[in-house]
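Here is a short report on one protein model. Look over the sequence and the structure, then read on.

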Amino acid sequence: MSILYNEKLEELMKIQSEMSEEENEHFLNEFRKSELLVPLQIELDSLDLENMNLEGLNEINKEVKFHLKSFVGPNGIKVIPIFTDEENIHDVQLNTTVGSLFMRDLYKSIVPIQDSFDQIIINPSAENEYKISIDEFLSLFDEEREFEDMMKEIEEEEMRLKAMEYEIRRLEQAALYGE
């Protein structure tokens, strides 16, 4: 059982080769909001090692300094691997510390060093791995794009509320007139 829930993202990754432009946009929005596992090198002097649980998960409530782990892929491409769940990490046999990061936090970590990487791969070596260039990843957090997405979500919520109000009125009418 995974500590993260990325089922929707994984389902969309399965159909990536058949995705319409609209489905791909939906995937990118899900990806942008996701919390994924990222290989890290933690600066040990930023940790409280005395209270560390070596047998399980550790929730850290203070700022921890870390470096993103990457690898050089074919053609010299510098890749940041990220994972939807622990199972995909085990499949790659990655022997490193892994942190759970929301993609907005990964974005903030990459911005100052964006020239150090070329690509992000979700679940590398998996049948449905997903590749996104660093530039495309960074553009997911463009203020205009985020504003448009927020407005779409508000419109969808308003439509859902109107549908609920209509259904309540219909049920009230049915109860009032015995329909």
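Beyond its neighbours within four places in sequence, phenylalanine 137 is in contact with Phe31, Met103, Leu106, Tyr107, Ile110, Ile120 and Ile132. Keep in mind that this is a predicted model.

The largest nonpolar core has 27 residues. Phe137 is among those with the most contacts inside it, as are Phe27, Phe31, Ile82, Leu106, Ile110 and Ile120. Which elements give two or more residues to this core? They are the helices α1 (7-14), α2 (21-33), α4 (103-110) and α5 (134-139), and the strands β1 (35-42), β4 (78-82), β6 and β7.

## Strands β6 and β7

β6 and β7 form an antiparallel pair with four bridges. One link joins isoleucine 122 to its bridge partner in β7, tyrosine 130.

Strand β7 covers residues 130-133, and its side chains alternate. Tyr130 and Ile132 point to one face and are buried.

## Glutamine 119

Glutamine 119 lies in strand β6, residues 119-122. Is glutamine 119 buried or exposed? Its relative accessibility is 17%, so it counts as buried, because the cut-off for buried is under 20%.

Ile77, Lys78, Val79 and Ile80 are among its contacts. Lys131, Ile132, Ser133 and Ile134 are also among the contacts of glutamine 119.

Phe147, Met150, Met151 and Ile154 make a nonpolar surface patch of about 360 Å². Methionine 151 sits in helix α6, residues 143-177. Methionine 151 has 31% relative accessibility, so it counts as partly exposed.

Methods: Residues numbered from 1 in each chain as written. Predicted model: local features only at pLDDT ≥ 70, side-chain atom pairs only at ≥ 80, totals over all residues. Heavy atoms only, no water. Buried < 20%, exposed > 50% of the residue type's maximum accessible area, 1.4 Å probe, protein only. Contact = heavy atoms within 4.5 Å. Patch = residues over 30% accessible without salt bridge, like charges linked within 9 Å, V, L, I, M, F, W, Y side chains within 5 Å. Areas by Shrake-Rupley, 256 points an atom, 1.4 Å probe, with all protein chains shown as cover. Salt bridge = Lys/Arg side-chain N within 4 Å of Asp/Glu carboxyl O. Pairing = 2+ DSSP bridges. Core = buried A, V, L, I, M, F, W, Y, C linked by side-chain atoms within 4.5 Å.
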